[in-house]
Amino acid sequence: MAYSTPYTFTALELLTAAKMNAIQDNITAIWKGTTAGDTDYYASSSAKNRLAIGTEYQVKRVNSGVTAPEWGNVMDKCSVYRSSIQSFSTGSAADIQWNAELYDDQGWHDNSTNPQRITVTRTGIYIPFVSIYWNKDAGGSGNFHMTAKVQVSGVDTSNKITYLETIDAVTKQFTFGGQPMAMTAAQYASVNFVQDSGGSGSIIGSASNGERYSAFTLYRVG
């Protein structure tokens with residue numbers, strides 16, 4: 001029901017039910033709340049809608065169609081990890097396959113279909129964080145040289161790390177990321193890894209105590 005311009009009465013005019021009902025209709029049109037915490041907003045110049053209260057710690061934001069307010073998280077986020085090892089032979093670059101999720105509040109990741117990807121659904125600014133626990137097998141040249149980098153739809157970003165260790169078998173934990181990345185809806189972020197040691201090694205998955213050694217987290221911040 002839309003709000004209408006109130007009727008202007010004149011002196012000694014007959015007061016009818018229709019005229020009183022028009023006043024009542026206007027009160028109904030502007031009084032939309034039904035529950036504690038509700039918010040009303042203008043759907044047009046003459047109509048209001050009700051926005052029901054959201055869930056805990058959500059914030060009010062504009063919807064994707066830029067037509068109305070909605071409740072949402074402070075930031076969209078997805079965090080994935082390895083639940084088991086992933087082996088890498090020497091000199092062979094490949095994306096890390098993230099086969100488990102810590103959280104994914106926008107449905108950006110799938111553990112089975114293209115698990116190496118976090119595919120965003122909104123255009124914006126994103127910040128990645130990567131943690132990798134690497135174990136180099138004994139043998140090979142004795143040196144451990146590796147590069148890991150965040151890519152957006154296969155293109156390198158400034159989120160990158162290169163590591164060199166001049167010993168044989170080695171286990172290392174390293175983290176990188178934090179540089180903002182502009183991404184458009186349907187683009188995906190992935191972590192590409194390569195090592196050149198003359199031997200093989202593995203990305204280590206979560207430990208028995210539940211600690212996630214190798215993980216990839218992506219936040220939308222703007």
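Which exposed residues does the face of α1 turned away from its buried side carry? That face carries A17 and I27. The legends below describe this helix and other parts of a predicted model.

**View 1. Helix α1 and its two faces.** Helix α1 covers residues 17-30 and has 14 residues. From the first C-alpha to the last, α1 reaches 20 Å, close to the 20 Å expected at 1.5 Å a residue. K19, N26 and A29 are buried in α1. Seen down the helix axis, the buried residues of α1 fall within an arc of 75 degrees, so they line one face of the helix. These buried residues pack against β2, residues 47-51. The exposed residues A17 and I27 sit on the face turned away from the buried side.

**View 2. The salt bridge between K19 and E13.** K19, one of the buried residues of α1, forms a salt bridge with E13. The closest N and O atoms of this pair are 2.3 Å apart. E13 has a relative accessible area of 23% and is partly exposed.

**View 3. Strand β10 and its antiparallel partners.** Strand β10 spans residues 124-136. Strand β14, residues 181-183, runs antiparallel to β10 and is joined to it by 3 bridges. In this pairing, G124 stands opposite M183. Strand β17, residues 215-220, is also antiparallel to β10, with 6 bridges between the two. Here Y126 has R220 as its bridge partner. With strand β13, residues 170-177, β10 pairs in the antiparallel sense over 8 bridges. Strand β16, residues 201-203, is joined to β10 by 3 bridges and runs antiparallel to it. The bridge partner of W134 in β16 is I203.

**View 4. The salt bridge between D76 and R220.** R220, the bridge partner of Y126 in β17, also forms a salt bridge with D76. The closest N and O atoms are 2.9 Å apart. Why does this pair tie together parts that are 144 residues apart in sequence? It does so because D76 lies in strand β5, residues 76-81, and R220 lies in strand β17. D76 is buried, at 1% relative accessibility. R220 is buried as well, with a relative accessible area of 12%. Both residues belong to a network of salt bridges that links R61, E70, D76, R122 and R220.

**View 5. The salt bridge between E165 and K172.** The side chains of E165 and K172 meet in a salt bridge, at 3.4 Å from N to O. Is E165 buried or exposed? E165 is buried, because its relative accessible area is 15% and buried means under 20%. K172 is partly exposed, with a relative accessible area of 25%. A search of the whole structure finds 10 salt bridges.

**View 6. Q116 in a loop.** Q116 lies in the loop between β8, residues 100-104, and β9, residues 118-119. At 13% relative accessibility, Q116 counts as buried. Which residues is Q116 in contact with, leaving aside its neighbours within four places in sequence? They are D95, I96, Q97, W98, A189 and S190.

How values were computed. Residues are numbered from 1 along each chain as its sequence is written. This is a predicted model: local features need pLDDT of at least 70, side-chain atom pairs count only at pLDDT 80 or more; totals for chains, interfaces and linings use all residues. Side-chain values use heavy atoms; hydrogens and water are left out. Two strands pair if DSSP finds at least two bridges between them. Helices (H or I, at least four residues) and strands (E, at least two) are DSSP runs, numbered from the N terminus. A salt bridge is a side-chain nitrogen of Lys or Arg within 4 Å of a carboxyl oxygen of Asp or Glu. Buried means under 20% relative accessible area, exposed over 50%, partly exposed in between (1.4 Å probe, protein chains only). Contact means heavy atoms within 4.5 Å. The expected span of a helix is 1.5 Å times one less than its number of residues. The arc is that of the directions from the helix axis to the C-beta atoms.
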